[in-house]
Amino acid sequence: MGCGEPHETDCREVLSEVYLYLDLECAEERRTLIRHHLDECGPCLREYGIEQEVKALVARCCGNETAPEQLRERLRVKLTELVVFETTESRELAD
């Protein structure tokens, strides 16, 4: 997914972090980079819109239930590992 145009932040990287962005769980600097990318990249913005709708639907269906902090932390770690792996793999493929 992406527009094929060069951006400061890669489309795959942005989309892999969209849930962290939606949940306000990434650093402000990262939020700024992602917001800037979404402002200039139509395909990613459309994908972001879909993700936002899915998140809203889940929130409506699940009410006020929240995941235990231990589970949330494990998910954050796994997502970070995935982003690092994909970024490393993308760089290796580009070389």
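Me: Which helix holds K78 and E81, and how many residues apart are they?

Reply: K78 and E81 both sit in helix α5 (residues 69-94), three residues apart, about one turn of the helix. Bear in mind that this is a predicted model.

Me: What do the side chains of K78 and E81 form?

Reply: The general idea is that a salt bridge needs a side-chain nitrogen of Lys or Arg within 4 Å of a carboxyl oxygen of Asp or Glu. For K78 and E81, the closest N and O atoms are 3.8 Å apart, and the pair forms a salt bridge.

Me: Are K78 and E81 buried, partly exposed or exposed?

Reply: Buried means under 20% relative accessible area, exposed means over 50%, and partly exposed lies in between. K78 has 55% relative accessibility, so K78 counts as exposed. E81 has 44%, so E81 counts as partly exposed.

Me: Which residue meets R35 in a salt bridge, and where do the two lie?

Reply: The partner of R35 is D39, with a distance of 3.0 Å from N to O. R35 and D39 are four residues apart in helix α3, and therefore about one helical turn separates them. R35 is partly exposed, at a relative accessible area of 29%, while D39, at 55%, is exposed.

Me: What does R30 pair with, and which parts of the chain does that pair tie together?

Reply: R30 meets E17 in a salt bridge, at 2.8 Å from N to O. R30 belongs to helix α3 (residues 28-40), whereas E17 is in the loop between α1 (11-16) and α2 (18-22), so the pair ties together parts that are 13 residues apart in sequence.

Me: Are R30 and E17 buried or exposed?

Reply: Both R30 and E17 are buried.

Me: How many salt bridges does the whole structure have, and which residues are linked in a network?

Reply: A search of the whole structure gives 10 salt bridges. A network of salt bridges links E25, E69, R72, E73 and R76.

Me: Now the surface. Which residues make the nonpolar patch?

Reply: To join a nonpolar patch, a residue needs over 30% relative accessible area and no salt bridge. Here Y19, I50, V54 and V58 make a nonpolar surface patch of about 340 Å².

Me: Which helix gives the largest share of the nonpolar patch?

Reply: Helix α4 (residues 42-62) does, with three residues. V54 is placed in helix α4. With 37% relative accessibility, V54 counts as partly exposed.

Definitions and conventions. Residues numbered from 1 in each chain as written. Predicted model: local features only at pLDDT ≥ 70, side-chain atom pairs only at ≥ 80, totals over all residues. Heavy atoms only, no water. Patch = residues over 30% accessible without salt bridge, like charges linked within 9 Å, V, L, I, M, F, W, Y side chains within 5 Å. Areas by Shrake-Rupley, 256 points an atom, 1.4 Å probe, with all protein chains shown as cover. Buried < 20%, exposed > 50% of the residue type's maximum accessible area, 1.4 Å probe, protein only.
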